[in-house]
Amino acid sequence: MSTQHPDNVHIPFFAENAQLGGEDEVREAYYAYSHLGCREQMWDCEGKEVDNFVVKKLLARYGSFFGEHPLGKDVFLTLRVPNPEVEKAEAKVLLETLESIPRSYDVAHLFSENNVPPIFQVILPMTSSYPAIDNIYQYYRDFVVGQQYKRLGGREKTIADWIGRFYPEKIDVIPLFEDQPSMLNAAGIVGRYMEDKDLAYQRVFLARSDPAMNYGMVSAILLNKVALFRLHLLAEETGVSIYPIIGVGSAPFRGNLGPETVERCTAEYPSVHTFTVQSAFKYDYPQDRVRQAVATLEEREVSTPMEIEEEEALQVVGKCTARYMESVTILSNMINRVAAFVPSRRKRKLHIGLFGYSRSMGGVTLPRAITFTSALYSIGLPPELLGLDALDSDDIEFLREVYVNFDADLVDAVRYFDPESEYVPASLTKTVCDLVDVEPDLEHLECVASVRLALKEGRTADVRSGILRAANIRHFLG
């Protein structure tokens, strides 16, 4: 699943400027399908200038491609809609987006004369309850499609008689779980949602980036593994196939899925059916390598998840999260200061995300996960390491049993670690040295040292250039 997450260093050749938006994102969707081999594009319907005419534009501009690869059959466009329970200012955008689905069907039907809906699935971010998913399913069925049966002015003529039938008759709603309580309750929420529906299958989206932002990398991985195993048990119990999606980025902190780490990432989550291919994956490597990596993802065989000892896993989560939050609170001023210099790669925001800091960390506010990750890498402190100094030898042994790539992911992060950075806690340096022995990337060390010095001396242009030079070495912005 190609996504619009702005973690890329390089600007794609088709973009009109450094910040993708509007028409660039239409071209991006076509590029992901036609050049990279992605079968699905996630389309964010949040923020300003949301384009609800994307299907019409794709078919009008790239008719030859979609004539051979029908949208909704060979390639897929999946909408991520605002959550009205959380994003109050965006709530009615949800209704506008749902109303656009039958219109997209009409456009595709005129284009191909088939009955395949180009859009039939939507993703609900920040899902925390069964009604949150069901409300969207019911609203579409009862008020978007259902309106066609209403009569005009008391006469015999229905809306369907007047402007035509509405298709598809129902949509699939994919819950996206992003915080610890929701992830741990994902199977219960999804199970309740499926009870009164005749579903051939159910897709479930688990976040990997925002949980890392909220609880630390180790906690995010363990929470995903617990959720995936519980979803597997739910599928066995109900007989309804569940197809997990996981939202992974290129930085180890955000999932460590890049063209060079496909096999490792898929081994970590063997039961996941769909992996997100974010912007750094697509634009910070040679196109041939990206296409080959996407093909590997498409061709892989899905298997069962690893069974995990939940009680021990959640104990490790608790310890790691507490230390991680403590460390982030201390670093928050510097993180926000550096974040101001991290370049933006999208004209409109992605969804607001779930950050518990303002509630649980004394009013501390932080940037979005990509910018947060970039800021910490740019001062020589990879965020993957925060919280590790709370773990004892038994915890580490447990992690090496259940976290397949624990050592490999640490190596990937620690090569960009600068123990000379004044922002690194002494206890963390000792922990890192005990866990990993890896040669540092000297060029990256030079870059982050120059960023720290430029920050002290107020040379803002040098801060910006240093952040980008370091990101170019890593092959991801954040």
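**A walk from the sheet to the helices**

Look in β2 for L77: this residue is the bridge partner of Q41. What you're looking at is a predicted model, in which local features need pLDDT of at least 70 and side-chain atom pairs count only at pLDDT 80 or more, while totals for chains, interfaces and linings use all residues. Residues are numbered from 1 along each chain as its sequence is written, and side-chain values use heavy atoms, with hydrogens and water left out.

Let's stay with the strands. Helices (H or I, at least four residues) and strands (E, at least two) are DSSP runs, numbered from the N terminus. β1 and β2 run parallel and are joined by five bridges; two strands count as paired if DSSP finds at least two bridges between them. Zoom out, and you'll see seven strands making an open sheet with parallel pairing, in the order β1-β2-β3-β4-β5-β6-β7. The edge strands, each pairing on one side only, are β1 (40-44) and β7 (274-275).

Over at the β7 end, two bridges pair β6 with β7 in the parallel sense, and T274 in β7 is the bridge partner of I245. Back at β1, are the faces covered or open? Both are covered: E40, M42 and D44 are buried on one side, and Q41 and W43 are buried on the other. Buried here means under 20% relative accessible area, exposed means over 50%, and partly exposed lies in between (1.4 Å probe, protein chains only).

Now for a helix. α4 covers residues 91-112, 22 residues in total, and reaches 33 Å from its first C-alpha to its last, close to the 32 Å expected at 1.5 Å a residue. That expected span is 1.5 Å times one less than the number of residues. Buried residues of α4 include L94, I101 and Y105. The helix's buried residues pack against α2 (54-61), β2 (76-80), β3 (121-124) and α5 (130-145), where contact means heavy atoms within 4.5 Å.

Last stop: D179, in the loop between β4 (172-177) and α7 (180-184). D179 counts as buried because its relative accessible area is 19%. Its side chain makes a polar contact with the side chain of S182 (2.6 Å). A polar contact is a pair of N or O atoms within 3.5 Å; within protein, one must be able to donate a hydrogen and the other to accept it, and residues adjacent in sequence count only if both atoms are side-chain atoms.
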